[in-house]
Amino acid sequence: MAILDITGLSKTFGSGELAVQALQNINLCISAGDLTALLGPSGSGKTTLLLCISLILEPTAGTIVFDDNTIYSNGWTDTDLRRLRREKVGFVFQTPNLIPFLTARENILFPLELVGVTGRKAQDRATELLEYMEVAHRSNYLPAFLSGGEQQRVSVARALANRPKLILADEPTAALDTARGKKVMEFLKKLAREHQTAVITVTHDIRMIEGFDHIYHLKDGQINSSKEDYK
Ligand SMILES: Nc1ncnc2c1ncn2[C@@H]1O[C@H](COP(=O)(O)OP(=O)(O)OP(=O)(O)O)[C@@H](O)[C@H]1O
Ligand SMILES: [Mg+2]
């Protein structure tokens, strides 16, 4: 079952002589529980593609069908993109970017509060996520007192808070050493396997994506190959 179906997606920044065609005719079909990696040189369009998928950046043309709803068809068709984003997509950034004056636990409670989950129910969910990501012992610390790997695991926990169907990660391991990076990736894999969450991650490091279902190479805004011809 496809959770995300993208056809003919293009994105041009600017216009006239200054126009940059960041994405050209991208087709991508992602099923629930799929682990997908996006590789490609700097400037090839990886972040732009993730931002379009996360409904943050408006494409220039194409179609995005997400969870059986057409969200974009040469223009947004859904008016409440924020709600969709909050409820269905989780984003993990290159650096953890946790809110510095909130503890690990409070950082996870925040997205729950945004969708109206508060009190005991929210606390229980935060505890469950902190345990799942093996950072429960650091619950009451501010981000500054956590290691880089712990911060990134809290940020994955935060992205998971509302049980999104899709997790998007832009170089989530880039700021970590190999061992800590691998651990974060292992959690993303576990999530896909145990909760059928689709994961799309950008990476520069192919050692991090062993066992992924799909590997796409972006070059000049186009997808060049999948795992099949990559082997
Ligand atoms: N807001 C913007 N305005 C104009 N051009 C942009 C904008 N964002 C990205 N671009 C251009 O679009 C192209 C794709 O950029 P993008 O950030 O998606 O690349 P990337 O593959 O993520 O690169 P990196 O590996 O360096 O993060 C680049 O040529 C970039 O300069
Ligand atoms: Mg990028």
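I count a residue as buried if 20 or more other C-beta atoms lie within 10 Å of its own, with C-beta atoms placed from the backbone. With that settled, here are my notes on this predicted model.

**Entry 1: strand 8**

I began with strand 8, which covers residues 198-202.

Next I looked up which way the residues point. Ala198, Ile200 and Val202 face one way from strand 8, while Val199 and Thr201 face the other way. Residues in both sets are buried. I reminded myself that side chains in a regular strand alternate between the two faces of the sheet.

**Entry 2: the neighbours of strand 8**

Which strands pair with strand 8, I wondered, and in what sense? Strand 3 (residues 35-39) runs parallel to strand 8, and four bridges join them. Alanine 37 is the residue I found opposite threonine 201 of strand 8.

I then turned to strand 7, residues 166-170. Strand 7 also pairs with strand 8 in the parallel sense, here over five bridges. In this pairing, leucine 168 stands opposite isoleucine 200.

I also followed the chain from strand 7 to strand 8. Together with helix 6 (residues 178-195), these two strands make a β-α-β unit, and I noted its hand as right-handed.

**Entry 3: around ligand 1**

Here I listed the shell. Ligand 1 is surrounded by Phe13, Gly14, Val20, Ala22, Gly40, Ser42, Gly43, Ser44, Gly45, Lys46, Thr47 and Thr48. Sorted by class, the shell holds three nonpolar, eight polar and one charged residues.

Which element gives the most to this shell? My answer is helix 1, with three residues. Helix 1 spans 46-53, and both this helix and strand 2 (20-31) supply at least two residues each.

**Entry 4: the whole chain**

Last, I stepped back to the chain as a whole. I noted seven helices and ten strands. The radius of gyration is 18 Å, close to the 17 Å that the globule rule gives for 231 residues, so I can call the chain as compact as a globular protein of that length. Its C-alpha trace spans about 50 × 40 × 35 Å along the principal axes.

Buried residues make up 41% of the 231 residues. I also looked at contacts between residues at least 6 apart in sequence: 69% of them join residues at least 24 apart.

Technical notes
Residues numbered from 1 in each chain as written. Chains lettered and ligands numbered in written order. Predicted model: local features only at pLDDT ≥ 70, side-chain atom pairs only at ≥ 80, totals over all residues. Rg over C-alpha atoms; globule rule 2.2 N^0.38 Å. Buried ≥ 20, exposed ≤ 12 C-beta atoms within 10 Å, placed from the backbone. Contact = placed C-beta atoms within 7 Å. Near = placed C-beta within 6 Å. Nonpolar A, V, L, I, M, F, W, Y, C, P; charged D, E, K, R; others polar. Pairing = 2+ DSSP bridges. Right-handed = clockwise from strand over helix to strand, strands pointing away.
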